[in-house]
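Subject: Structure handover

Hello,

Here is the structure you were going to look at. Please open it next to this email, and go back to it as you read.

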Amino acid sequence: MMIQTWPAAEVKRMQINKFKKSFQKIKRESMMLQKVGLFLPNSPESSQQRQFLHLNNNNNHCSFLRSATDNSSQFTCQEKVEKLVQEFNPKIPIEEALTPPTSWYTDPDFYSLELNRVFYTGWQPVGYTEQVKEPRDYFSGRLGGIEYVVSRDEKGTLHAFHNVCRHHASLLAGGSGRKSCFVCPYHGWTYGLDGALVKATQITGIKNFKVNEMGLVPLKVAIWGPFVLINCEAKDVDTKNVGEEWLGNAAEVLRANGVDTSLKYICSRTYTIDCNWKVFCDNYLDGGYHVPYAHKALSSALQLDSYSTTMYEKVSIQSCHGNSKEQFDRLGSKSFYAFVYPNFMINRYGPWMDTNLVLPLGPRKCQVMFDYFIDASLQVTSTQKDNTNTPLRLLLVNTY
């Protein structure tokens, strides 16, 4: 039996190299803190208000604001985090390497660095296409300190925005569903699904108010397969090559293994877990090491001697043959597990697919969103969804 235990460490190497390249940029951005002095540790502003002030300072997502009150404290914070990063040496041979230090999983300043350098850069999966299939569909969510909303306007164009009113920073939309517009619950400012401000109440006589400059602040949005992704970076990005940017050279491998638009969404489950987000990812990336002990039923259905792990630029793929040939069996004849850096997992087996999106909620807490899909060739009725005696019940038993 081949048990591969290296992928988690390799992903950490990717992360630390990205951190090191960022420190020169951090030094430049730290000067921006002078412009946003309201962001103090005990500031009463809500996360939406902090996001609002960010948007009015060139949309810069500097995450060291809560501990920076002057230049000296800014650089003290920076030096501390840099020291934490340096505690892990990615050049050590894998056979001699230890896990990252505890501070990477518990320190608030390191967590802030991760948000700024891992989650606020590049493409991040936030939903699936069936959530915004028709005009006027929308869904909302939160990534770190960024509230977002994704919508499809009346013309069918897909958009994503910071989910913050441009007036007094109230949250605009919650959950998901269908709307003709977004109305601020605080003062009634109204925005179209394309982000344009269409109504601002009681502003008669206000000078220099430019309606066309007060729309919702956009985020980049793109689709790959059944997934909707956003990009929080201010710089221009190519949405047409999202597959290559997000998945690197593993995009075709995922397509070849059935990760595509032929799948139909079934349902979702969300769990809040009292652990750092990386702990959940570490478990997923241990190459099946824990399976014989933590998942005995699953282990008996797998041919563990066929377990293999393949590393790509941004994706780790684990695969294993299964013992069952049953159509509705959870595993089928082969299991395919893809981890997309930094926090997304795609599990494909038989006619099923489920995804795990791990969202950081703080240094010691995360939220994991499970979305379940099935091959479109299988007809799933609402009765089957609700009947716990059907094979669908097997799908909702989380083995990871």
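The notes below go from the whole chain to single residues.

**Overall**

Please keep in mind that this is a predicted model. The protein contains 12 helices and 17 strands. It has 400 residues, and 52% of them count as buried. Among contacts with a separation of 6 or more, 61% are between residues 24 or more positions apart. The exposed surface comes to about 18900 Å², with carbon and sulfur atoms supplying 50% of it.

Strand 10 covers residues 227-231. How many of its residues are buried? The count is 5 of the 5, so the strand is largely enclosed by the rest of the structure.

In a regular strand, side chains alternate between the two faces of the sheet. For strand 10, one side carries Phe 227, Leu 229 and Asn 231, and the other carries Val 228 and Ile 230. These residues are all buried, which leaves both faces of the strand covered.

Strand 10 pairs with strand 1, residues 123-128, in the antiparallel sense, over 5 bridges. Within this pairing, Gly 127 has Val 228 as its bridge partner in strand 10.

Strand 9, residues 220-224, also pairs with strand 10 in the antiparallel sense, again over 5 bridges. Here Trp 224 has Phe 227 as its bridge partner. Strands 9 and 10 form a hairpin, with 2 residues between them.

**Helix 8**

Helix 8 runs over residues 277-284, and its buried residues are Trp 277, Lys 278, Phe 280, Cys 281 and Tyr 284. Where do these buried residues lie when helix 8 is seen down its axis? They fall within an arc of 155°, so they line one face of the helix.

**Salt bridges**

The count of salt bridges is 9. I describe some of them here.

Asp 137 forms a salt bridge with Arg 178, with 2.9 Å between the closest N and O atoms. Distant parts of the chain are linked here too: Asp 137 is in strand 2 (residues 137-143), Arg 178 is in strand 5 (residues 176-178), and they are 41 residues apart. Asp 137 is buried, with a relative accessible area of 8%, whereas Arg 178 counts as exposed at 54% relative accessibility.

Glu 233 forms a salt bridge with Lys 235, the closest N and O atoms being 3.6 Å apart. Glu 233 is buried, with a relative accessible area of 17%. Lys 235, at 51% relative accessibility, counts as exposed.

There is also a network of salt bridges, which links Lys 80, Asp 107 and Asp 109.

**Cysteines**

A disulfide is a covalent bond between the sulfur atoms of two cysteines. How many disulfides does the structure hold? The number is 0. The cut-off for a disulfide is a pair of cysteine sulfur atoms within 2.5 Å.

For Cys 165, the closest cysteine sulfur is in Cys 184, at 3.8 Å, which is too far for a bond. Cys 165 is buried, with a relative accessible area of 1%, and Cys 281 is buried at 4%.

**One more residue in helix 5**

Ser 112 is found in helix 5. It is buried, with a relative accessible area of 7%. Ser 112 and Val 81 are 31 residues apart along the chain, and their C-alpha atoms are separated by 9.4 Å.

Regards

How values were computed. Residues are numbered from 1 along each chain as its sequence is written. This is a predicted model: local features need pLDDT of at least 70, side-chain atom pairs count only at pLDDT 80 or more; totals for chains, interfaces and linings use all residues. Side-chain values use heavy atoms; hydrogens and water are left out. Buried means under 20% relative accessible area, exposed over 50%, partly exposed in between (1.4 Å probe, protein chains only). Helices (H or I, at least four residues) and strands (E, at least two) are DSSP runs, numbered from the N terminus. The arc is that of the directions from the helix axis to the C-beta atoms. Two strands pair if DSSP finds at least two bridges between them. A salt bridge is a side-chain nitrogen of Lys or Arg within 4 Å of a carboxyl oxygen of Asp or Glu. Contact means heavy atoms within 4.5 Å. Accessible areas come from the Shrake-Rupley method with a 1.4 Å probe; for residues, only the protein chains shown count as cover.
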